[in-house]
Amino acid sequence: MAPKGRNKSRTAKNALGAAAVGTVAAGAGLAAYEADEHNRVKRRSQKKREQSRQEKRTKVLARTNATKTATAKMELDRLTKINPSHLSTRDRKVRQELIKRQRDIMKGAKPQTLAKAAAKLGLRSIPGVGAFLTAVSSTPAGQGSARFGPGSKKNK
């Protein structure tokens, strides 16, 4: 009589079960590999895109910083050429603050906002560099400003 129940030999049963599990695992592994292949290609392309974006961002940032520095240097030169003895006390403070601001820009530091700088000086507002230079710097006489001669208003 053949053994029954718990006395039955399990080697054949175990061998069949192991083969079935191995086949299922291999199929699942292959499916996972194929799905992962798609993900790998996708990740690789995303990585390349991100890398090219980063390179462009770096180039643009370098160009922007160089432009800001050059502009700040030009404005600093214009501000330092203004004689402080020709300015009112308020304008002297504004000039000094704007000079400090341009130096910060040239160093690469982020300058204070104009509102904060004005509050520090006890003023309500500070004009921008362009507005200050326009208001303070001298301008050549234009057409119609002469009292006599070819540009005078009387001759018209």
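Predicted model: local features only at pLDDT ≥ 70, side-chain atom pairs only at ≥ 80, totals over all residues.
1. Ala, Val, Leu, Ile, Met, Phe, Trp, Tyr, Cys and Pro count here as nonpolar, Asp, Glu, Lys and Arg as charged, and the others, Gly among them, as polar.

2. Residues are numbered from 1 along each chain as its sequence is written, and side-chain values use heavy atoms, with hydrogens and water left out.

3. The lining residues are N65, K68, T69, T71, A72, E75, Q102, I105, G108, A109, K110 and P111. Two elements give two or more residues each: α1 (11-81) and α2 (89-107). Of these, α1 gives the most, with six residues. (Helices are DSSP runs of H or I, at least four residues, numbered from the N terminus.)

4. Now the helix pair. The axes of α2 and α3 (residues 114-121) come within 11 Å and cross at roughly 135 degrees. (Axes are lines fitted to C-alpha atoms over the stretch in contact; angles run from 0 to 180 degrees between N-to-C directions.) The two helices are therefore oblique to each other: not under 35, over 145 or 65 to 115 degrees.

5. Which residues make the contact of α2 with α3? From α2 come K93, V94, E97, L98, K100 and R101; from α3, L114, A117, K120 and L121. (Contact means heavy atoms within 4.5 Å.) These residues divide into five nonpolar, no polar and five charged.

Methods
1 Å grid on protein atoms, 1.4 Å probe; cavity = no way out; pocket = protein on both sides within 12 Å on 5 of 7 lines; lining within 4 Å.
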